[in-house]
Amino acid sequence: MAEAGVEVPRAAGGPAGWISILIPVAIFAYLVQFVPQVAAGEVILWAYEWVPALDIRLSVILDGLSLTFALLISGIGALVTLYSSKYLGNHPEYPRFVLYLMAFMGGMLGLVLADNLIALFVFWEVTTISSYLLIGFNSDEAKSRRSALQALLVTGTGGLALLAGIIMLGNVAGSFELSVILTQGDMIRAHPLYVPIVILFLAGAFTKSAQFPFHFWLPNAMAAPTPVSAYLHSATMVKAGVFLMARMNPALGSTDLWFWTLVIAGGFTAVFASILAMRQTDIKQVLAYTTLMALGTLTLFIGAGTSDAIKGMMLFLVVHSLYKAALFLMIGIVDHATGTREAEVLRGLGRKMPITALAAVVAAVSMAGIPPLVGFIGKEFLYKAGLELDQGMIWVTGAAFAASALMFAVAGIVALRPFFGPLAETPKPAHEGPVFMLTGPLVLAGLSLFFGLFPDTIEAWLVAPGTWAVYGSPDVNVDLYLFEEVNAAFILSLITFATGAVIYAVHRPLRLFLARLFEANPIKFDPGWDGVLDGLKALAAWQTRHLQSGVLQRYLFVIFATLAVLSAITIWSRDVLAFDLDLGAELDGLLFKHWAVLVFVAAGSILTAFTSSRMTAIASLGVVGIGVALIFIMFSAPDVAITQLLVETLVVVLVAVAMLKLPRLEIMAGHRDKRPWHAVVAVSVGLVTTAILIAVLQGDIDRRLTDYFEVTSWPEAYGRNIVNVILVDFRALDTFGEIAVVMIAALAAYALLRGTYYGRPKDAREEDGQ
Amino acid sequence: MMNSLILNAATRLLVGLLLLFSIYMLLRGHNLPGGGFIGGLIGATGFVLYAIAHGCSATRAALRVDPQSIAMVGLGIALAAGVFAAFFGDALFTGQWLFIGETEDDKGLPISSVLFFDIGVYLVVFGSILTIVLALEEEV
C-alpha cells in the first residue's frame with residue numbers, strides 16, 4: 001500500500017514494461033523457426049474448430065505473406081514496446097497503454113495469420129477497436145477524442161462492408177477457408193457476384209489503408225503517442241488493408257476492374273499524399289503523409305499484378321516498415337529531447353544527438369532510395385516492374401516516379417535539415433535519448449543497411465515466399481540484387497535523385513505556395529467529415545423527434561396502423577380472400593347463446609368507443625373481455641377462458657388505478673379531432689383480423705401436433721389436461737422464457753414507476769419537499 | 001384504498017379463500033382446468049383486493065416479502081426444476097417423476113419436477129402482478 005503523499009519512484013514501466021517487451025520477443029523468436037520451412041515453399045496450416053455448425057474455424061495459414069507480416073508485427077512490436085517503456089514509462093496510465101498495445105498486437109497477428117475469413121474479420125475489428133483506444137489514449141484532449149472517433153467510424157464502416165463481402169465470397173466459394181478460396185480464383189472471377197464482392201472488399205481495404213478518398217483519418221490519427229504512430233500507423237495496422245488486397249489477389253485479382261481500381265486509387269493516393277507531405281511543417285505530420293504515399297504505392301503495385309510488380313510490392317512493404325518505423329521513433333526521441341517537432345525550428349541537432357542523427361540519416365537514405373540501402377533496391381524493382389507493364393505503364397511508372405522524387409525531398413526535410421547546419425534554439429535544450437529509445441531506430445536502420453548489402457537474405461527469407469503467396473503460384477523468378485547494369489530503371493533512378501534534389505532545394509517556397517493553394521481549395525475532407533457527422537446527428541434528432549414522440553396514443557396509432565397495412569398487403573398479395581363463404585348458412589348455424597354473446601361483445605365495444613368517461617370505457621372494455629371468455633367456454637377451452645377472465649379482472653383494476661392520475665377525456669386538447677383517424681385504424685384492424693381468421697378456417701388445420709399431444713399426454717407426461725401438460729412439460733422451455741419475460745416486464749414497470757421523481761411514493765416526495 | 005366497512009370485512013375472509021383456491025387450482029392443473037398461470041392470477045387477485053380494501057402498506061406487511069423477490073424466487077425454482085433433468089442425463093426441462101407408494105393397481109402419490117416448475121410459474125405470475133399493482137397504487 002502506497003503511503004499518502006509519498007512518491008515512489010518506479011523502474012521504467014514496472015512489470016507492465018518488461019512483460020510487454022517479452023511477449024513480442026517470444027512471438028518473434030517462435031515465428032523465426034518457421035522461416036526455413038516457408039522459404040522452402042511450404043504452407044503451414046493449423047486449425048481449431050470454433051463454431052463447427054457455422055463453418056467457422058480458428059485456423060491459421062502460415063505462408064510467405066503472413067509470415068512476413070507476422071515477423072514485422074512482432075519484431076517492430078518488440079522494439080516499440082521497449083521504446084514505450086521509456087517514452088511513456090512514467091505516465092500514470094502506462095499499464096492501460098500496454099494493455100491496449102498488446103490487444104492490438106494480438107489482433108493484428110490474428111488478422112494476418114487467419115485462414116478463416118470470419119476469424120480474419122473478428123481480428124480486423126479487434127485492430128479497429130484497439131486502434132481507437134490507442135489514438136484516443138490522451139483522452140483529456142478533445143483533438144485526440146475526435147481523431148480516435150474518426151478513425152473508428154471510417155475503418156469501422158469499411159469493416160462492415162468487408163463483412164458483407166466476406167459473407168458473399170463465402171457463399172460463392174462454398175467455404176470461408178482462405179486456403180480453399182484462393183484456389184478457386186477462376187470460378188470467383190466468373191461469378192455474377194464478383195463485382196459486388198470486389199467493391200465490398202476494397203471498401204474495407206481502402207478505409208483501413210487510408211486510400212483516397214478515405215485518407216483523411218490517418219494524419220489525424222497522429223494525435224496518438226509517437227510509439228503508437230510508429231507501430232500502428234506506419235508499420236502494421238494501416239498495412240492491414242494492403243495485406244487484405246495482397247491476400248485476396250489470387251482469388252480476386254487479374255481482372256480489369258481490379259487492375260484499374262487499385263492502380264488509379266493507389267497511384268493517385270501516392271502522388272497526392274507526397275504533395276501534401278511537402279506542405280506540412282510538423283515532421284510527424286510529414287511522416288504521416290509519406291506513409292499514405294507508401295500505402296498508395298503498395299496498392300498501385302498489387303493492382304499492377306505482374307510477378308515483378310508483386311515482387312517489388314513485397315520488397316517495398318518490408319523496406320517501408322523498416323525505415324518508416326525508424327523515422328517515427330526518431331522524431332519521438334527528438335520531440336522528447338527538444339520539445340518540438342517543427343521542421344522550421346529544428347536545426348543542427350547532430351552534434352548534440354549523434355546516435356539519433358545516425359539512425360535518422362540511414363533510415364532517410366533508405367527512404368530516399370539511395371544505394372546501398374535496401375530502399376534503393378525497393379525503388380529499382382518498382383521501376384522495373386512499372387516499365388515492363390503491358391497496360392497502364394505510363395501511369396504506374398509515372399506515379400511511382402513522382403512519389404519517389406518527392407520522397408527524396410522529404411527524406412532531406414526529415415533527416416538533413418534537423419541534424420545538420422548551425423544549432424538552433426529549441427524549447428528544451430537538446431540531449432541524446434536514452435538507450436531503450438535508441439535501440440529501435442538503430443536496429444531498424446541497421447537492418448535497412450544489412451538487407452541492402454545482402455539482398456539475398458531478405459529475398460530468400462521473406463520476399464520470395466511472399467511473392468509466391470500473393471501471386472498465387474511458386475513459379476516466379478525472384479532474384480534481388482543491388483546493381484545489375486545500367487538499364488532504364490537505373491537511369492530513371494538517377495533522374496529521380498536529380499528531381500528530388502531540386503524539389504528539396506526549393507521546398508520552403510514550395511511549402512508556402514502549397515499552403516496557399518490548399519487554403520484556397522474549397523474541397524476539404526476533414527471539415528467535410530464534420531459536416532457528415534453533423535448531418536447524421538441532425539437526421540437522428542429529426543427521426544427521433546418524429547418517431548419517438550413520447551405520446552402513447554401516437555405509438556399505438558402507428559403500431560396498429562402498421563399492423564393493418566402490412567396485414568392488408570399480405571392478404572392481398574397472397575390472394576387469401578379467394579374463398580367462398582356462405583354467410584347465410586354460417587349465420588343460420590348460430591344458436592341463441594351465440595347471438596347473446598355477440599350482442600354482449602358488440603355493445604361493450606360500441607360503448608367503449610363512444611363514452612366520454614374513462615371509467616365507463618374501461619368497464620365496458622372489461623365487458624368485451626368477459627364476452628370473449630364466454631366464447632372460449634362455449635368452444636370448450638376452459639383453461640383459456642379462466643385465464644382470460646382473471647386477466648380481464650386484473651386489467652380493469654390496474655387501469656382503473658392508473659386512470660385516477662389521468663386528465664378527463666374532454667380536457668385533452670385535440671383529442672376529438674383525431675377520433676375519425678382512430679376509428680379508421682380500429683375498423684381496419686378489425687377487418688384484416690376477421691379476414692385472416694376466416695382465411696385460416698378455410699384451410700385444413702394441421703392436427704399432427706394436436707394428435708401427438710392427445711395420445712402422449714397421459715402415458716408419457718401423466719397429465720390429462722393437455723393445455724397444462726404442454727405448458728409445463730412438452731413446451732416447458734417456452735414457458736420458462738415467457739415467465740422470464742413476465743418478470744422482466746414487472747421489474748421494468750417497477751423501475752419506471754419508482755425511477756423518476758414523480759414516480760416515487762407520495763410520502764417520499766413529501767419528505768423531499770420538506 | 002377505499003374506506004368501506006363491508007369490503008374491509010369481506011376481504012379478510014376472501015383473501016384466505018382466494019389463496020386456498022389458487023393453490024387448489026395450481027395442484028389440480030395437471031389433470032383438470034387450472035395450473036400455475038391461473039393459480040398465480042387468482043392468488044394475485046386476492047392481494048389486489050386486499051390492497052384496495054386496506055392500502056398498500058398493509059398489503060406489503062401481509063406479504064412479508066417483496067413481490068419482486070417472490071417473482072425472482074419463482075423463476076429460480078422453475079429453472080432449477082428444468083435443470084434437475086440434467087442430473088439424470090435427460091435433456092433440460094424433461095419431467096422427472098417419482099410415485100410414492102406405487103402398487104400394481106395404483107400409481108400412488110406422484111411427485112414430479114413438473115409440479116415444481118408449475119409452482120415456479122405460479123410464483124412468477126403472482127409476484128410480477130403484485131409488483132406492478134402495488135407500485136402503481138402507491139404512485140396514485
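1. Of the contacts in chain B between residues at least 6 apart in sequence, 64% join residues at least 24 apart. Two residues are in contact if their C-beta atoms, placed from the backbone, lie within 7 Å. The model is predicted: local features need pLDDT of at least 70 and side-chain atom pairs count only at pLDDT 80 or more, while totals for chains, interfaces and linings use all residues. Residues are numbered from 1 along each chain as its sequence is written, and chains are lettered from A and ligands numbered from 1 in the order in which they are written.

2. Chain B has 5 helices and 2 strands, in the sequence order α-α-α-α-β-β-α. Helices (H or I, at least four residues) and strands (E, at least two) are DSSP runs, numbered from the N terminus. The C-alpha atoms of chain B fill a box of roughly 60 × 30 × 20 Å along the principal axes.

3. Of the 140 residues in chain B, 45% are buried. A residue is buried if 20 or more other C-beta atoms lie within 10 Å of its own, exposed if 12 or fewer, and partly exposed in between, with C-beta atoms placed from the backbone.

4. The axes of H1(B) (residues 5-28) and H2(B) come within 8 Å and cross at roughly 170°. That makes H1(B) roughly antiparallel to H2(B) (angles over 145 degrees count as such). Axes are lines fitted to C-alpha atoms, for helices over the stretch in contact, and angles run from 0 to 180 degrees between N-to-C directions. The residues of this contact divide into 15 nonpolar, 9 polar and no charged. Ala, Val, Leu, Ile, Met, Phe, Trp, Tyr, Cys and Pro count as nonpolar, Asp, Glu, Lys and Arg as charged, and the others, Gly among them, as polar.

5. Buried residues of H4(B) include B:Pro67, B:Ile70, B:Gly74 and B:Ala81. Seen down the helix axis, the buried residues of H4(B) fall within an arc of 135°, so they line one face; the arc is that of the directions from the axis to the C-beta atoms.

6. The contact between the chains takes 43 residues from chain B and 40 residues from chain A. On the chain B side, H2 (36-54), H4 (67-84) and H5 (113-139) each supply at least two residues. H5(B) gives the largest share, 16 residues.

7. A:Met407 lies in helix H18 (residues 393-416) of chain A. A:Met407 is buried, with 26 other C-beta atoms within 10 Å.

How values were computed: Angles under 35 degrees count as roughly parallel, over 145 as roughly antiparallel, 65 to 115 as roughly perpendicular and the rest as oblique.
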